[in-house]
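Please look over the sequence and the structure shown below before reading on. The paragraphs after it go through the structure step by step.

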Amino acid sequence: MTVLRNMRNWLYERLEWDDLIAPLRKKTVPLHRLSYWYFLGGITLFLFVIQVLTGILLLLYYRPGANEAFESVQYIMTQVQFGWLIRSIHSWSANLMIFTAFAHMFSVLFLKAYRKPRELTWISGVILLVLAMGFGFSGYLLPWNTLAFFATKVGTDIAGQVPFIGHPIMIFLRGGEEVTGATLTRFFGFHVAVLPGLVTVLIAFHLLLVQRQGMSVPPKVERDWSANPSAKRELKFFPNFVLRELMAWYAGLGVLGALAAIFPWDLGVKADLFASAPAGIKPEWYFLFMFQTLKVIPSKVLFIDGDVLGILAFGLVGLLWLLLPFLENGRVALSKQWITGLSVFALAYVIAMSVYGYVTN
Amino acid sequence: MARGAVALSLLALTASLGYGQRQTKNSCLDCHSVLPEPLGVTQETFSHDIHAQKGLTCVSCHGGDAVTDDPTQSMSRKAGWKGKIDRRQIPALCGSCHSNPNYMRQYDPSLRTDQLSQFHTSIHGQRLAAGDTKVAVCTDCHGVHDLRAPNDPMSMVYPVNIANTCAHCHADAQYMKGYSIPTDQFAKYGKSVHREDLMVRGDLSAPTCTTCHGNHGAAPPGVDKVQNVCSTCHVFQAQMYDKSSHKAAFDAASLPGCVVCHGNHDIAHPTDAKLGTGAGAVCMQCHTPGDACDQARAEMLSQLTRLDAAVTNADQALAIAESAGMEVSEARLGQSEARDSLTKARVAIHSFRKDLVDQYVQTGLKIAGKDLQAGQKAMVERNRRRAGLGISLIAIGMVLAGLWLYIRKIEH
């Protein structure tokens, strides 16, 4: 213990971190019946850290390339010590991260945490969710198995439907007219270099905003506290909230370990570029609501191509979603009603279309 | 300008030589399209005919003049009208074009032109020459007026339709009365593995009637020919049989090789039971129980059964491991090699050599054993993972409890 104390003193003489952590010691977190929603962002961050760590470990053995990718993942799963665990945790964590990011976004929406002055927090969060989905899309192809190959083919085909810029985007994503080994290498590049860089910067910005502005208090709780200031309760951010967050992270680690050990992530069959697409090909669950929507839109709506219409509609909804904090006008009561209604509808729509897509071929 | 003039000159020359000229007017159909069967031929029916598609008309076969609307002129002997073609004349009429390589080259240079000479060698051709008009001629198999190319799925001679075309006569007991051949071939073929391959699996190269009997030169295969027919596909089995002791014995007894054990039209998927002594077994039809051959049979059967069981056991172990989420695709790949060995061992039965069968069986047993071990090892690994998970969860639980106690301590 003396050694540890000496080491701490040695470091303290050089870093003097009191100033650095003083704001954290002063910082508080509102404590009310909805406080548990505050943990979702932290859990998403924890899963991202897991992704980075397991991703680096996978990089030690993974080889991008149509002739090597599948075999290298197979090698990781069967020959590398704990390779199966790392790869399964990476895949499960990716899915859970997108799930918690979605849950975090809807919790922010329902708790009205996007309002002034947190518009930039909302925008950076929505962009982070889109980038996380980009992580999922690019990472899904990397094992180079049949399902991933055809899902990427379908996904990039959809991107190619965007009017005017669709075809160049598709060529850029695929590295040519078709999904080939060239697609795999550039998806690898997006997955391990471009997206991590962008996401790291955005997460830093997002966290900075959260730290500067503190946790948002839901309007109803705020009104109650204004009416009765003695009811207002707070929790010290450090160490009380951080320790609770740590508990959530530990629980998350346990869930990840259990999923990886009981349901190791499937490797599938190596992609065959000349094989016909398997029946009922579907994208990952988080793209399913969009995919299913495109499937149910008629091939022609008036004179517009159904797929193009669907893509344009999703583009417009996405833009409005991003700018949601700015759509609230001065009439707070009215905007509150329609934004809550819109949120409920959006959540119900995403769940319903995902389930519909899952149960149908 | 000079080039244009040359092109125009060539066009005029081509036209003057008659190339590319076809009678565009076909007055025959004006009446025959509204006549009842057997004289009725509609424009729609005739449009499917490969001859019509290539520019030929009714006149090409029936003669006459299709340009005039006057039936007395169009169907006059003076205009070369032949009327209904006599069955005996049909092969020669078809052959007048189809046996002419120079003429046929303009439509398809790769098309054979020996159909007529082949037909003359066939049992159908021979009987026709002898005056039997019940036998099949070109139009019976290929159709008439809506005659389609053989690669057209609607053609009567498209692979999946051939058996029905032959059965039209050969399965008709009344029609075949007077011929000393059975009429149950089609019914038997319907139960065969060949028919299953062709119709269920959609393998267009799978055998149908003409594969074994020939088409234009159709003849029933003799004792030697049966083996030649089977060996065109089953090469290894035939090579092994040729070198085996059975070849000489069967030839001496005038037994038709393959057919003795496998049958002909109703060839079923062979099973190891053929080597046994129960239902479906074939060896004991000739051999005596307890003789050297019977012992060899029993040993080969035992070896095949052993490998089959080993492959099945390994498959089951791997399936269990896969359902537990374990990665065993390498062993799965190995299983296809084990199955190959089993197939080779079964093929080697045609050599009737225990040592050859045993060689393939041992190879297969080695692979299947390795795959079985891989499956079992995967399950041991699965259990190890779950034990590791249990320990990890206890450790995580203890940390969580410690954190919770610490939080309680600092908050109270």
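Predicted model: local features only at pLDDT ≥ 70, side-chain atom pairs only at ≥ 80, totals over all residues.

Residues are numbered from 1 along each chain as its sequence is written, and chains are lettered from A and ligands numbered from 1 in the order in which they are written.

Chain A comes first. Chain A has 15 helices and four strands; helices (H or I, at least four residues) and strands (E, at least two) are DSSP runs, numbered from the N terminus. Of the 361 residues in chain A, 29% are buried. A residue is buried if 20 or more other C-beta atoms lie within 10 Å of its own, exposed if 12 or fewer, and partly exposed in between, with C-beta atoms placed from the backbone. Among the contacts in chain A with a separation of 6 or more, 78% join residues 24 or more positions apart. Two residues are in contact if their C-beta atoms, placed from the backbone, lie within 7 Å.

Next come the helix pairs. Two packed helices are described by the angle between their axes and the distance between the axes. Axes are lines fitted to C-alpha atoms, for helices over the stretch in contact, and angles run from 0 to 180 degrees between N-to-C directions. In chain A, the axes of helix H3 (residues 39-59) and helix H5 (residues 83-110) come within 8 Å and cross at roughly 155°. H3(A) and H5(A) are therefore roughly antiparallel to each other; angles under 35 degrees count as roughly parallel, over 145 as roughly antiparallel, 65 to 115 as roughly perpendicular and the rest as oblique. The crossing of H3(A) with H5(A) is left-handed, meaning that the near helix is turned anticlockwise from the far one by less than a right angle, and a right-handed crossing is the clockwise case. The contact of H3(A) with H5(A) involves 14 nonpolar residues, 10 polar ones and one charged. Here Ala, Val, Leu, Ile, Met, Phe, Trp, Tyr, Cys and Pro count as nonpolar, Asp, Glu, Lys and Arg as charged, and the others, Gly among them, as polar.

H3(A) also meets H11(A): their axes come within 10 Å and cross at roughly 50°. H3(A) and H11(A) are therefore oblique to each other, and their crossing is right-handed. H3(A) contributes residues including Phe39(A), Phe46(A) and Leu47(A), and H11(A) contributes residues including Glu245(A), Trp249(A) and Leu256(A). By class, this contact of H3(A) with H11(A) has eight nonpolar, two polar and one charged residue.

The cores are the next topic. A nonpolar core is a set of buried Ala, Val, Leu, Ile, Met, Phe, Trp, Tyr and Cys residues joined through C-beta atoms within 7 Å. The largest has 59 residues, and those that touch the most other members are Leu47(A), Ile89(A), Met97(A), Leu141(A), Trp144(A) and Ala148(A). Helices of chain A that each supply at least two residues of this core include H3, H5, helix H9 (181-213) and helix H11 (237-262). H5(A) gives the most, with 13 residues. A second, separate core has 35 residues, among them Leu301(B), Val357(B), Leu365(B) and Ala368(B).

Now the backbone. Most residues other than glycine have a negative phi, and most peptide bonds are trans. Trp144(A), in the loop between H6 and H7 of chain A, has a positive phi of about 55° although it is not a glycine. Trp144(A) counts as buried, with 25 C-beta neighbours inside 10 Å. Phe164(A), in the loop between H7 and helix H8 (166-174) of chain A, also has a positive phi, near 65°. Phe164(A), however, is exposed, with 7 other C-beta atoms within 10 Å. The peptide bond from Phe238(A) to Pro239(A) is cis, with omega near 5°, and Pro239(A) lies in helix H11 of chain A.

Lastly, the two chains meet. In this contact, 20 residues of chain B touch 20 residues of chain A. H22(B) gives the most to the side of chain B that touches chain A, with 15 residues. That side has 11 nonpolar, four polar and five charged residues.
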